[in-house]
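Here is a short note for someone opening this structure for the first time. Please keep the sequence and the model in view while reading.

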Amino acid sequence: MMKIALIAHDRKKEEIVNFAVAYEHVLKPYQLYATGTTGARIMESTSLSVHRFMSGPLGGDQQIGALVAQNELDLLIFLRDPLMAQPHEPDIIALLRLCDVQGIPVATNVATAELLVKCLERGDFAWRELVHKYKPGIEE
Ligand SMILES: O=C(CO)COP(=O)(O)O
């Protein structure tokens, strides 16, 4: 099953909640992951079931990065705050770097997130199922 991670910095939380509400029907069939507070906020406002990792500053980005390192994650929506320094900036950069290592589609703003979710709805990411099928060693 496709795995999608949702993360938002504090001043982007409302935006990611609105996004999850708007695209709940598209996200629903997939296995969803989030950093701690983002996941809690999404579950408060939608009927989506989200596996929550640690909060970002406490290692949540790194936990999602571990999924990416194993080529387990299929899509990352990460609404970063471009105007506020984060104490865990190295973790954020590391997560985005790993997505580039594995060639994972990433959105860092809601405009791109909407485009990617529309691709998801159309089945444009079906090729990722093949990655999971033929990935040596790591299975669902
Ligand atoms: O800091 C974050 C991502 O870098 C997000 O963490 P929270 O979802 O716990 O606020």
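1. A residue is called buried if 20 or more other C-beta atoms lie within 10 Å of its own, exposed if 12 or fewer, and partly exposed in between, with C-beta atoms placed from the backbone. With 25 C-beta neighbours inside 10 Å, Ile42 therefore counts as buried. Ile42 lies in helix α3.

2. Some ground rules. This is a predicted model, in which local features need pLDDT of at least 70 and side-chain atom pairs count only at pLDDT 80 or more, while totals for chains, interfaces and linings use all residues. Residues are numbered from 1 along each chain as its sequence is written.

3. Next, the overall layout. The protein has seven helices and five strands. Helices (H or I, at least four residues) and strands (E, at least two) are DSSP runs, numbered from the N terminus. In order from the N terminus, the elements read β-α-α-β-α-β-α-β-α-β-α-α.

4. What radius of gyration does the protein have? The value is 14 Å, which agrees with the figure near 14 Å for a compact globule of 140 residues. The radius is taken over C-alpha atoms, and the globule rule is 2.2 Å times the number of residues to the power 0.38. Along the principal axes, the C-alpha trace spans about 40 × 30 × 25 Å. Buried residues make up 31% of the 140 residues.

5. Now contacts. Two residues are in contact if their C-beta atoms, placed from the backbone, lie within 7 Å. Take the contacts between residues at least 6 apart in sequence: 68% of them join residues at least 24 apart.

6. In soluble globular proteins, nonpolar side chains tend to be buried together. A nonpolar core here is a set of buried Ala, Val, Leu, Ile, Met, Phe, Trp, Tyr and Cys residues joined through C-beta atoms within 7 Å. The largest such core has 31 residues. Those with the most contacts inside it are Ala5, Leu6, Ala34, Ile64, Val68 and Leu76. Two or more residues come from each of β1 (3-8), α1 (13-22), β2 (31-34), α4 (60-69), β4 (75-79), α5 (89-102) and α6 (110-122).

7. Look at Ala34 and Ile42 together. Leaving out residues up to four places away in sequence, Ala34 touches Ala5, Leu6, Ile7, Gly39, Ile42, Val50 and Arg52. With that exclusion, Ile42 touches Leu6, Ile16, Val17, Ala20, Ala34, Leu48 and Val50. Ile42 and Arg11 are 31 residues apart along the chain, and their C-alpha atoms are separated by 14 Å.

8. Two packed helices are described by the angle between their axes and the distance between the axes. Axes are lines fitted to C-alpha atoms, for helices over the stretch in contact, and angles run from 0 to 180 degrees between N-to-C directions. How do α4 and α5 cross? Their axes come within 9 Å and cross at roughly 10 degrees. The two helices are therefore roughly parallel to each other. That term covers angles under 35 degrees; over 145 is roughly antiparallel, 65 to 115 roughly perpendicular, and the rest oblique. The contact includes Ile64 and Val68 of α4, and Leu95 and Leu98 of α5.

9. Compare the pair α1 and α3. Helix α3 (residues 36-45) packs on α1 at an angle of about 45 degrees, with the axes 9 Å apart. That makes α1 oblique to α3. Lys13, Ile16, Val17, Ala20 and Val21 in α1 meet Thr38, Arg41, Ile42 and Ser45 in α3.

10. Check the backbone at Asn71. Most residues other than glycine have a negative phi, and most peptide bonds are trans. Phi of Asn71 is near 55 degrees, a positive value in a residue other than glycine. Asn71 is found in the loop between α4 and β4. Asn71 counts as partly exposed, with 17 C-beta neighbours inside 10 Å.

11. Helix α7 (residues 127-134) holds His132. His132 is partly exposed, with 16 other C-beta atoms within 10 Å. His132 and Met1 are 131 residues apart in sequence, but 8.4 Å apart in space, C-alpha to C-alpha. Val131 is also found in helix α7.

12. Is His51 buried or exposed? His51 is exposed, with 12 other C-beta atoms within 10 Å. His51 lies in strand β3 (residues 50-52). Not counting residues up to four places away in sequence, His51 touches Leu32 and Tyr33.
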